[in-house]
Amino acid sequence: MEVTNAQKLGVGLGSFGIFFILLGILLLFDKGLLAMGNLFCLAGLGCVMGLEKTCSFFLQPERKMGAAAFLGGIFVLLCGYPFIGMIIEAYGFVALFGGFIPMAISFLRQVPVISLLLAMPGISDLCDSLTGNKQN
């Protein structure tokens with residue numbers, strides 16, 4: 001499977017988005033940086049997945065509440081209330097992408113250095129509860 005130029009652009013836009021969001025949080029919820037980060041992340045997602053697949057992902061019946069909260073959080077952030085917008089957006093993010101968290105944790109447990117961090121006592125218990133694994 002070959003990576004297209006649009007997907008490469010999407011990865012770059014998504015990376016810039018994450019950078020701007022982290023910088024906006026670091027600078028005490030700077031609304032300009034957070035807004036730019038959100039817009040870059042959405043544009044990157046659209047380029048990576050394609051516009052039609054992105055729309056169908058956000059409009060699935062079981063994900064409508066998460067999508068509404070996520071996009072509503074971005075709207076609240078753009079209106080000038082960055083802290084409240086980020087809280088609403090975080091809820092929407094978990095509601096939208098919560099099903100991918102166990103798969104991501106399982107993948108990260110196979111990465112050499114990160115697997116050591118995830119094996120630490122407190123973090124291991126948290127990861128087990130997120131993935132649904134019961135280990136005694």
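Modeller: On a 1 Å grid over the protein atoms alone, a pocket is an open set of points where a 1.4 Å probe fits, with protein on both sides within 12 Å along at least five of seven lines; lining residues have an atom within 4 Å of a point. This is a predicted model, in which local features need pLDDT of at least 70 and side-chain atom pairs count only at pLDDT 80 or more, while totals for chains, interfaces and linings use all residues. Residues are numbered from 1 along each chain as its sequence is written, and side-chain values use heavy atoms, without hydrogens and water.

Colleague: Which residues lie nearest the centre of the largest pocket?

Modeller: They are I18, C41, F70, F93 and F97, among 23 lining residues. Helices are DSSP runs (H or I, at least four residues), numbered from the N terminus. Helix α1 supplies the largest share of this lining, eight residues.

Colleague: How many salt bridges does the structure hold?

Modeller: Side chains of opposite charge can pair when their charged atoms come close. A salt bridge is a side-chain nitrogen of Lys or Arg within 4 Å of a carboxyl oxygen of Asp or Glu. The structure holds one: D128 pairs with R109, their closest N and O atoms being 2.8 Å apart. D128 belongs to helix α8, whereas R109 lies in the loop between α6 and α7, 19 residues apart.

Colleague: Is D128 buried or exposed?

Modeller: Buried means under 20% relative accessible area, exposed over 50%, and partly exposed in between (1.4 Å probe, protein chains only). D128 counts as buried because its relative accessibility is 7%, whereas R109, at 27%, is partly exposed.

Technical notes. Helix = DSSP H or I, 4+ residues; strand = E, 2+ residues; numbered from the N terminus.
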